[in-house]
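Open the model in your viewer and keep the selection panel at hand. The stops below say what to select and what is there.

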Amino acid sequence: MILSWNWLNEIIDLKKFSLEDVCKALTDSGLEVEACEAKSKITGPVIVAKILECQKHPNADQLKLCKVESTHVTTGEAQTFNIVCGAPNARPGIKVALACIGAVLPEDFKIKASKIRGESSEGMLCSAKELGISAEDEGILELQENATLGKSIADLFGLNDYAITLNITPNRGDCLSMIGVARDLCAKLNTHFKSSSDPKKNIHTTTLPDLDKPKISVDEQAGCSDFYSVRIKNIPSTIQTPSFIQNRLEVSGMRSVSPLVDISNYVMLETGHPNHIYDAKEVYGSEFKIRLAQDREKFVLLDGKEIELQKQDTVICDGRNSIVALAGVMGGLNSEVKEDTQDILVEVAGFDAVCIRKTAKKFGIKTESSYRFERGVSRDSIQNALHKIIGYVQQLAPECVISPIAFFNASTISPKTIALRLDRLRKISGLDLISEETCTNILNSLGFKKLDQKQERSLWEIPNFRPDIEREIDLIEEVTRIYGFDKIPYQYAPMTKAPHPENPIISFSENLRAVCATLGFRECISFPFSSRDDLNRLNIGEHHPLSHQVALANPLAESESSLQNLLFPSLLKALQFNRNHGIFGTKLFEVGRCFLNPILKESLTNVSIEFQSYFSSQARYFSEKAHNENRPLEKLSLAMVIDQPWEDKQWYQQSPVLADWFLIKGICENLSHSLGIGTLSFQALTESTQKLFPFLHPLKSCLVYSEKTWIGFMGELHPKASQAWDLNYKKSVPLIVQWDVEAMLESRLQTRKKEKAKIVVEKFPVSRRDLSIVVSENVTNQNILDTLINNPSKRNLKKVELFDLFTGESLGTGKKSLAYALEFHSNKRTLTDKEVDLEMQIIVETLKKNLGAELR
Amino acid sequence: MIEKIESVKLEFLKQSVDCQKDLQASTLENLRLNFLGKKGKLTELSELMKTIEKEQRPLIGKSLNELRILIEGEIEKLKTALNDRELSKSISGKALDFSLPGKRSTSLGSLHPVSLVRYKLSEIFKRMGFTIYEGPEVDLDFYNFGALNFADHHPARDMQDTFFLKSYPNTVLRTHTSNIEIHAMLNQGVPIRALAFGRTYRCDSDLTHTPMFHQMECLVVDEGISFAHLKGQIQSFLEELYGKGIKTRFRPSYFPFVEPGAEVDLQCAHCQGEGCRICKNTGWIEIGGCGLTHPNVFEAVGVNSEIYSGFAFGFGLDRMAMNMYQLPDLRQLFSGDADFLKLFPASFNE
């Protein structure tokens, strides 16, 4: 909504207030001023002057030399000017508009000192057109006798205006009008409306009209509460829009179209009530039928667009049942007012807000009319708006013939009443001392009517134009916003109860972030959107369970058409971004959610446990009720990516260091140690799990478990995927990790229980032995560790660390050699060499027996 | 015997002087073995003691002992001298080039500015007795709109451009963190002092809007909560965040789930409210919405609105991060640009 400052001044008394005061008052009362812009048509000295003498120009028949008198704008001293003028009506004695040197007229017309055919001219006498007052350009503008010399023409005609742009919130449909805004402003500034005459009285019906009133019939289901119409004929096609209407429409951001359309718009801006003017010729029988459309019925709108209607849309038809308007939204091309229209039908009506909104939304149309109806238009303003339109038309066309007013009203609804308790208002607002009188004054000035008062409880009638006022709290709001939020004190709410416990996932995930950052990773936050294309580049085929992404109904772009069901790909995009900017070796992490189709989980019966875990109900912190409520599961995940190279070449190291699986394993072990997660185990991909994780390198990636809980996956990106994402570095590929944060937390909570049982500080010395063995290639490190830990000796072995791994021809084919540092320790006493030797013997025998290991 | 002792002493003194001239670890060790070793001269002398008569033993024993002390002391001195010489050798030469880059086994990473601000805020609010909550990012219309007093087909719904899902009717990407208010009240009941953070979504994308952004949400419900408490809570946490002396302004506004509702403005720190480019000459910077919880919201979650009242506010976390770190471009936050990310610390406790 854009206000004209001049117009506002015409409606209410703002003599005591500056433009700034008013803008502040508007913002402070909830009608936020977004912009306030000067709308000057003319600048510089354009003033009232009087022609003293007029002589013929010696060198031109059409021109005159005028001596013009005025007073200086600031000093008030009398001044005379010599002006060359060509207007036929220029004559001594008339008061005129003089544009002095330095003035700028509309369309950037700059007034300079000039010589016209040898005679100098110190300015210009202006026509109404040149001043932008009206289209009149027959001669210069003649001012009234009593116009004060030296007075600014801009002030005299209200040519210099300010456009105040308001951001009206959707609850305040009433403030989409000059009158509505003025009402709030009166309450806030404690000023009043200027007394304006009843628009009805301005209409002169001297003779009884010999014109039939329009016929109206309204279908009950059509969502039409009121319909008023009048017919006006004998409007000459020569009429022109009055300049004040033209100027104000322009300031309000509307284009002047034609006199009748301008009047319609002007009255809508003034009263807030949308209306429509039809060419009566095109409305058969001057008859309006308001009904619901038939399915697939077609209609061409004013703007030339053809739409196909449905049963829910309300339409207005003529006597032949053909549509002339889409009710409350837009008129039709067929019945539009044209240049030669002399006979019109005026419609001012009330329509159901929800019906209008549905129709406007469906067709993607937002008009001044639909915008207002959606926000609620008061039935009280109908007659006022209609009379104003009639009045303005009659002003332009005094000879026009006006029919009696035809109308339809659905049953009247008695106005809402709401009780207001003063103590409640004081308690809720924090305004302990606000008086009954202040409240009453504020509500009165906003148009509320006090019906009753019992002690501190008052009963209020809510005016029709405030459908947003529904209960006591709304009245409290009205009082406090007008009284001023700035008058409310600052207080601190006391704590009356111990705080609720916090979900452990919250501090766990913050801790996780801090640990990742300490381990060298940079935290990313990315949009969780994905697309089929991303899946293709991850080798995820059409039949893969992950291909069923949660799709958006209204995505912003094809590449963002779904919600991600894997977290690490968005980090691959970030790697690409950095690569494109010449940055290699980026290490990123993100803690974010994956969105999974719950429906899918049920169709996963024939895939592995690992994959079911991915969709499992572990996602309970944010998706507890997801299944019952039929919405996607949300799984909080951690993703890490490592671009190659891990480290560039350095002054102390000649070639770049590449990241490999063991490096990332080390990082992950540090991570789980920092977070207190139990011991991790790493399981190679099997033939079936390879298919489920097609984006992982089949041999250099693994699944991660803590005890028996599935934690996630980690390893090298599949070379094909790496190629598709264009992330190869020489022959190596990025490494990726994606873990389930909720499973990590679960494991942490399990581990914490065990930790409490055994916190022992070692006090006795440690005995160390080295063990070097040769085993078959198939034996894993874990096999050996398990054998060592479970050896049948007295179990003083407390720590085993691999320090050498060797394969070579000297060992024979299919063999490898491993060397371990073993630590023995008892927390009861110092172990003797004999004891340790004995235990070593048992260990060697067990290794030999179980794994065929030989001492080297 | 005394003579023998005397001659060993002289021999030692001579040899020790020689040894000192060209001090070597090997010659020093030889010297030690020669006199103190198992077959050394002092051991020889000691063995001779058996042959000495009883009366003479104390006297001879004494001088033998004196000799031992002398030899041991002298050898210790030489050892120290040798050690000192070796040490001084190792610290000769030029100083290091301290300008060479340090060797780092792992360089530190960094935390996202939004995380840093979130952590800071949660520290402040936890101290004030708040509990932190989270909630679904994809939620039912009921939690995101319905329970928050957004009537069906009300134009208030246009205030937030909403993402809808294809196969889930009545499900939206949450447009604000206010859905957490509903979940928290339903799960935890009242009184409540809740703070929530989270990602939120609106289908809007331009220079100053991203389709995903972050909000913080605060909800306090108890008996006798007033607008004055709302003002106090906001003022006090902003003072903790930005320092004492900041000024706030509360402008009436409209959000369906609060009444009265207000927008909160912070006086522009750049111009101290004089008006500048940053605050678009208004002197104020809009930071979020707030208000008293609407009774309709209480009724939707089964809380008696005659007994309880409450306040809520929701601020944009991204903008707060931008304020705190003087960041010029919102979109930078979500680009994953390593050059940008590396500007931030790896620890929450800056």
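**Stop 1**

Select B:Glu29, which is partly exposed because its relative accessible area is 34% (buried is under 20%, exposed over 50%, partly exposed in between, with a 1.4 Å probe and protein chains only). This is a predicted model, in which local features need pLDDT of at least 70 and side-chain atom pairs count only at pLDDT 80 or more, while totals for chains, interfaces and linings use all residues. Residues are numbered from 1 along each chain as its sequence is written, chains are lettered from A and ligands numbered from 1 in the order in which they are written, and side-chain values use heavy atoms, with hydrogens and water left out.

Helices (H or I, at least four residues) and strands (E, at least two) are DSSP runs, numbered from the N terminus. B:Arg32 counts as partly exposed too, at 28% relative accessibility.

**Stop 1: salt bridges in chain A**

Go to A:Asp28 and A:Lys24, joined by a salt bridge with the closest N and O atoms 2.7 Å apart. Both sit in helix H2 of chain A, 4 residues apart. A:Asp28 is buried at 18% relative accessible area, whereas A:Lys24 is exposed at 53%.

Next select A:Glu308 and A:Arg296, whose side chains meet in a salt bridge (3.3 Å, N to O). This pair links distant parts of the chain: A:Glu308 is in strand S19 (residues 306-308), and A:Arg296 is in the loop between strand S17 (287-292) and strand S18 (298-300), 12 residues apart.

**Stop 3**

Select A:Asp13, in the loop between helix H1 (5-11) and helix H2 (19-28) of chain A. The side chain of A:Asp13 does reach the backbone nitrogen of A:Lys15, at 3.1 Å. Leaving aside neighbours within four places in sequence, A:Asp13 is in contact (heavy atoms within 4.5 Å) with A:Thr191, A:His192 and A:Lys194.

**Stop 2: between the chains**

Show both chains. In this view, 93 residues of chain A are in contact with 108 residues of chain B. The two chains bury about 8500 Å² between them, 57% of it on carbon and sulfur atoms; buried area is the accessible area (1.4 Å probe) that two parts lose on being put together, summed over both. In chain A, select A:Phe485, A:Tyr490 and A:Ile525, which lose the most area to chain B, together 9% of what that side buries.

Between chain A and chain B the count is 11 salt bridges. To see one of them, select B:Arg118 and A:Glu510, whose side chains meet at 2.9 Å, N to O. Then select strand S33 (residues 587-596) of chain A, which gives the largest share of the side of chain A that touches chain B, 7 residues.

Note on methods: A polar contact is a pair of N or O atoms within 3.5 Å; within protein, one must be able to donate a hydrogen and the other to accept it, and residues adjacent in sequence count only if both atoms are side-chain atoms. A salt bridge is a side-chain nitrogen of Lys or Arg within 4 Å of a carboxyl oxygen of Asp or Glu.
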